[in-house]
Amino acid sequence: MTSTVSRPVEAETASTRTLVVGRRMPARPHRPGVGGRIAIGIGLVAASLVQLLPFYIAVTTAMKPRTDLSSQWLPPTEIYWQNFVTAVDRGNVLGAIGNSAIVTLFSTVLVCVIGALAAYPLARRTTVVNRAVMLLMIGLIMVPPLSILVPLYTMLNGMHAINTYWGTILVMTATQVPLSVFLYASFMRGLPVSIEEAASVDGAGPVRILFQVVVPMLKPVTATVVILTGVAVWNEYALSVYLMRAPEMRTIAPAIGTFFASSGSDLGAAAAAALISVVPVLAVYLMLQRYFIKGMVAGAEK
């Protein structure tokens, strides 16, 4: 009698063991050991020092007079503020920062708007024509702007767009739109179509679906486009030096370039102007860093 009762219990125990053994336990994340963490820390410190090294050289150069022939690696024995005065007075750095801010702001807004509007049909309608347009956009990314400088300057000169904000803004927008279309289209392909279909069933048209459904989901890629476009337009030199030739219309990169000449260069004033030009960009980044970080994290999670 005892053996008869124990058989189901043994069978149940065996089946339970089989279930326990067959169950997949969640994998624990691999954590590096002490040596691995030390190596990662050393690598991060080295990368940070490499990134900060040009900034250190710029600071030491900006705080030394032209008569100081000591090494740029050595800190100044006395701070020389005249380089900053020269950058503001002779280089008109403050006016150049204002010009760059206007061009960068309007160009970035136009690039985001045009890029999102153009990418939506390219991402949702995979026709032969749309594929050809997408390949054309990718090809335009590879075209260097200097290769079209002569016809571009001739056209803008005929339109009286040289030394104007709107002419430079249109050129900067045209050079940055292909990359933004590519980024927006690649991101939109990963968005679920079911949300747009639900909105279409509720009676929403394509324009309403784009602005009320799709655009709110584009925050991660928009943050990326804003960063790439803003930095590229702010630092642009090759085209700006020809499109903004008047001294009062120069952007920041050509304004810093005026301190370099074949007869002699004022490295201290150029370094001071470069440091002054960093302040607006750094201020904008500090104010918007949480949005940039959220955008990058959201894009990584997606």
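The dialogue below takes up a helix, the cores, the cavities and a pocket.

Q: What kind of model is this?

A: This is a predicted model.

Q: Which residues of helix α3 are buried?

A: Start with the general idea. An α-helix has 3.6 residues a turn, so residues three or four places apart point the same way. In this structure, helix α3 spans residues 82-89, and its buried residues are N83, F84, T86 and A87. Viewed down the axis of α3, these buried residues lie within an arc of 160°, so they line one face of the helix.

Q: How many residues does the largest nonpolar core have, and which have the most contacts inside it?

A: In soluble globular proteins, nonpolar side chains tend to be buried together. Here the largest nonpolar core has 25 residues, and Y184, M188, I209, V214 and L218 have the most contacts inside it. Two or more residues of this core come from each of α4 (93-124), α5, α7, α9 (206-214) and α10 (219-234). Helix α4 provides the largest share, seven residues. Apart from this core lies another, of 19 residues, including W234, A255, I256 and L275.

Q: Which residues is V214 in contact with, leaving aside its neighbours within four places in sequence?

A: With those neighbours left aside, V214 is in contact with Y120, M188, L191, E196 and I209. Of these contacts, M188 and I209 also belong to the group with the most contacts inside the largest nonpolar core.

Q: How many cavities of 30 Å³ or more does the structure hold?

A: Rolling a probe the size of a water molecule over the atoms shows where empty space is left. The structure holds two cavities of 30 Å³ or more. The largest cavity contains about 60 Å³ of space. It is lined by 13 residues, and S100, V233, E236, S240 and T251 are the closest to its centre. Helices α4, α7, α10 and α12 (252-257) each supply at least two residues of the lining of the largest cavity. By class, that lining divides into seven nonpolar, five polar and one charged.

Q: Is S240 buried or exposed?

A: Buried means under 20% relative accessible area. S240 has 2% relative accessibility, so it counts as buried. The residue is found in helix α11 (residues 240-243). Leaving aside neighbours within four places in sequence, S240 is in contact with M172, T251 and P254. T251, like S240, is among the residues closest to the centre of the largest cavity.

Q: Which residues line the second largest cavity?

A: The second largest cavity has a volume of about 40 Å³. Its lining consists of V111, Q176, L179, S180, L183, V225, L228 and T229. Helices α7 and α10 each supply at least two residues of this lining, and α7 gives the most, with four residues. The lining has five nonpolar, three polar and no charged residues.

Q: Which residues of the lining lie nearest the centre of the second largest pocket?

A: The second largest pocket has a volume of about 420 Å³. Of its 19 lining residues, P145, V171, A174, T175 and Q176 lie nearest the centre. Q176 also lines the second largest cavity. At least two lining residues of the pocket come from each of α5 (128-141), α6 (149-158) and α7 (165-189). Helix α7 gives the most to this lining, with eight residues. By class, there are 15 nonpolar, three polar and one charged residues in the lining of the second largest pocket.

Notes: Residues numbered from 1 in each chain as written. Predicted model: local features only at pLDDT ≥ 70, side-chain atom pairs only at ≥ 80, totals over all residues. Heavy atoms only, no water. 1 Å grid on protein atoms, 1.4 Å probe; cavity = no way out; pocket = protein on both sides within 12 Å on 5 of 7 lines; lining within 4 Å. Points joined across faces, edges and corners; volume = space filled by probe spheres on them. Nonpolar A, V, L, I, M, F, W, Y, C, P; charged D, E, K, R; others polar. Buried < 20%, exposed > 50% of the residue type's maximum accessible area, 1.4 Å probe, protein only. Arc of directions from axis to C-beta. Core = buried A, V, L, I, M, F, W, Y, C linked by side-chain atoms within 4.5 Å. Contact = heavy atoms within 4.5 Å.
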